[in-house]
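Please open the structure in your viewer and keep the selection tool at hand.

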Amino acid sequence: MEPLEHPQSVIVLDGLTLRRFAGEADLPELFAVIDESLEHLRPWMPWVAEHSRATTAEYLATRSEQWENGRDHAYAIVLDGAIVGACGLYRREGSPDDVREIGYWLRPSATGRGLVTRATAALVDQAFRLPGVEFVEIVHDAANHASGAVPARLGFTEHLRRPREVAAPAESGEELVWRLTRARCGASAVAAG
């Protein structure tokens, strides 16, 4: 597996595509998907409280710079030509250089089909192709069982639980950190192959 400077801009999976956001061109569709998903996302996503066309435009405007500096590789999750959510591989502020984190969300009509699990597996592969990355983490509120099912399915292990300020209505105040190591991922790939 050849190392990458950045993850691939477009990742084509069977019937599903992850693609780098296209800036302002994605604004109407992404805004509409978030707008339609507000009640689904509000319990777990603090940023939903500030949802507006302007905040979505600002988010998209910063994606190119964040991609190039390696801090945040954000993707649109595209199914049948339409954006159904977003995911990303990023480096959290203050985290060690050898750790990347994966985040994700879907519109309600796209849940329950394994899309996030497939997208996350693809991002794990991309993460371990980046130089120096030894750990991939998924962090979510301990009460968000749907988010926790993804890393459990992919062979992550619970790394730690820590208190966290409640920022969204359904949060418990306890953050769960799942971790997958490069060595464990390699061993899983060998066992599966």
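How do the residues of the lining of the second largest pocket divide into nonpolar, polar and charged? They divide into ten nonpolar, seven polar and two charged. In this division Ala, Val, Leu, Ile, Met, Phe, Trp, Tyr, Cys and Pro count as nonpolar, Asp, Glu, Lys and Arg as charged, and the others, Gly among them, as polar.

Before the first selection, please note that this is a predicted model, in which local features need pLDDT of at least 70 and side-chain atom pairs count only at pLDDT 80 or more, while totals for chains, interfaces and linings use all residues. Residues are numbered from 1 along each chain as its sequence is written, and side-chain values use heavy atoms, with hydrogens and water left out.

**Stop 1: the whole chain**

Display the protein chain as a cartoon. Its secondary structure comes to six helices and eight strands; helices (H or I, at least four residues) and strands (E, at least two) are DSSP runs, numbered from the N terminus. Followed from the N terminus on, the elements run β-β-α-α-α-β-β-β-α-β-α-β-β-α. The radius of gyration of the chain is 16 Å, close to the 16 Å that the globule rule gives for 193 residues, so the chain is as compact as a globular protein of that length. This radius is taken over C-alpha atoms, and the globule rule is 2.2 Å times the number of residues to the power 0.38. Along its principal axes, the C-alpha trace spans about 45 × 35 × 35 Å.

Of the 193 residues, 45% are buried. Buried means under 20% relative accessible area, exposed over 50%, and partly exposed in between (1.4 Å probe, protein chains only). Among contacts with a separation of 6 or more, 64% join residues 24 or more positions apart; a contact means heavy atoms within 4.5 Å.

**Stop 2: the second largest pocket**

Select His40, Thr111, Val116, Ala146 and Ser147, which lie nearest the centre of the second largest pocket among its 19 lining residues. The elements that give two or more residues to this lining are α2 (38–41), β5, α4 (115–127) and α5 (145–153). The largest share, four residues, comes from α5. About 380 Å³ of space lies in this pocket.

Pockets and cavities are found on a 1 Å grid over the protein atoms alone: a cavity is a set of points where a 1.4 Å probe fits but cannot get out, a pocket is an open set with protein on both sides within 12 Å along at least five of seven lines, and lining residues have an atom within 4 Å of a point. Grid points are joined across faces, edges and corners, and a volume is the space filled by probe spheres set on the points.

**Stop 3: the largest pocket**

Next, select Met45, Trp47, Tyr90, Gly103 and Trp105, which lie nearest the centre of the largest pocket, a space lined by 38 residues. About 1100 Å³ of space lies in it. Its lining residues divide into 17 nonpolar, nine polar and twelve charged.

**Stop 4: threonine 55**

Select threonine 55, found in helix α3. Threonine 55 is partly exposed, with a relative accessible area of 32%. The side chain of threonine 55 reaches the backbone oxygen of glutamate 50 at 3.1 Å.

**Stop 5**

Move along α3 (residues 53–68) to arginine 63. Is this residue buried or exposed? Arginine 63 counts as buried because its relative accessibility is 11%. Its side chain makes polar contacts with the side chains of threonine 62 (2.6 Å) and aspartate 72 (2.8 Å). A polar contact is a pair of N or O atoms within 3.5 Å; within protein, one must be able to donate a hydrogen and the other to accept it, and residues adjacent in sequence count only if both atoms are side-chain atoms.

Finally, select Arg20, Phe21, Arg63, Ser64, Trp67 and Ala74, which line the largest cavity. About 30 Å³ of space lies there, and α3 gives the most to the lining, with three residues.
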